[in-house]
Amino acid sequence: MFDLTGKYAFVTGGSRGIGAATARALASRGAHVVIGYLSGEAAATAVAEEITAQGGAAETARIDAGSFEDSERVVQELGKRLPRLDILVLSAGIALDGLMLRLREEDLDKTLAVNLVGAIAAAKAALRVMMKNRHGRVIFLSSVVGEAGNAGQTSYAASKAGLLGVTKSLAREYAARGITVNAVTPGFVSTDMTSALSKEQQEAMLSGVALGRPGTPEEIAAAVVYLASNEAGYVTGHALRVNGGMYM
């Protein structure tokens with residue numbers, strides 16, 4: 001079950017956190033994984049070496065997820081170089097938090113560029129490749145904040161909510177070509193991003209989690225593996241909540 005042998009996958013934001021866990025999980029199921037990174041070349045290389053040391057197949061590719069042009073170009077080049085492109089996981093993301101009255105235009109622009117615009121561009125390029133094979137899996141990493149909102153995270157919430165609309169629209173556009181498009185909406189997960197929060201902020205977030213603990217990157221990665229698999233072939237346009245009961 002969930003066998004990905006012979007599949008080729010590209011994971012943006014794959015050098016750390018949820019992206020790195022996803023790269024490892026896809027490779028453990030047999031996929032050849034390309035790990036996308038921007039500034040974390042050493043970390044991405046370390047993940048790739050870890051995968052190959054365990055008998056898997058992995059390589060790295062630099063991609064500026066905040067650039068429409070670069071995101072589209074990198075995926076186009078992968079589509080030409082690799083035998084096929086079966087799975088695209090869009091995990092790259094940033095959070096520049098702050099109350100609305102302190103929101104700077106440049107922070108809004110950067111958040112939307114990385115979290116939403118670049119993801120759309122990468123998906124556009126991947127869909128061209130997947131259409132030729134009449135098969136593909138596009139998986140966006142959204143967030144519980146995109147569903148429920150959160151004070152101080154207006155721009156982040158807007159970007160992640162936007163991904164949900166993109167997911168549903170693309171699912172309708174490409175279902176006839178054998179391509180599924182889904183999203184995963186993680187809750188409070190132990191990553192570099194959440195570790196930057198104060199102890200008080202973390203406790204406040206945990207108070208709303210029914211299971212009473214943060215999630216792990218590996219638990220999010222498991223959901224991605226499912227959506228990437230043949231077993232999820234009848235699932236499309238769906239936002240899979242992995243949030244410990246933080247939002248129902």
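Which helix gives the largest share of the lining of the largest cavity?

What we have here is a predicted model, where local features need pLDDT of at least 70 and side-chain atom pairs count only at pLDDT 80 or more, while totals for chains, interfaces and linings use all residues. Residues are numbered from 1 along each chain as its sequence is written, and side-chain values use heavy atoms, with hydrogens and water left out.

Okay, back to the cavity. The answer is α4, with 5 residues. Helices here are DSSP runs (H or I, at least four residues), numbered from the N terminus. A cavity is a set of points, on a 1 Å grid over the protein atoms alone, where a 1.4 Å probe fits but cannot get out; a pocket is an open set with protein on both sides within 12 Å along at least five of seven lines, and lining residues have an atom within 4 Å of a point. Volume is the space filled by probe spheres set on the points, which are joined across faces, edges and corners.

The largest cavity holds about 60 Å³ of space. Its lining includes Thr-12, Ser-71, Asn-115 and Leu-163, and it splits into 8 nonpolar, 4 polar and no charged residues. For those classes, Ala, Val, Leu, Ile, Met, Phe, Trp, Tyr, Cys and Pro are nonpolar, Asp, Glu, Lys and Arg are charged, and the others, Gly among them, are polar.

Now let's see what α4 packs against. α3 and α4 sit at an angle of about 25 degrees, with their axes 8 Å apart; axes are lines fitted to C-alpha atoms, for helices over the stretch in contact, and angles run from 0 to 180 degrees between N-to-C directions.

The pocket has a volume of about 150 Å³, and its lining has 2 nonpolar, 2 polar and 5 charged residues, including Arg-73, Lys-80 and Arg-128.

Technical notes:
Helix = DSSP H or I, 4+ residues; strand = E, 2+ residues; numbered from the N terminus.
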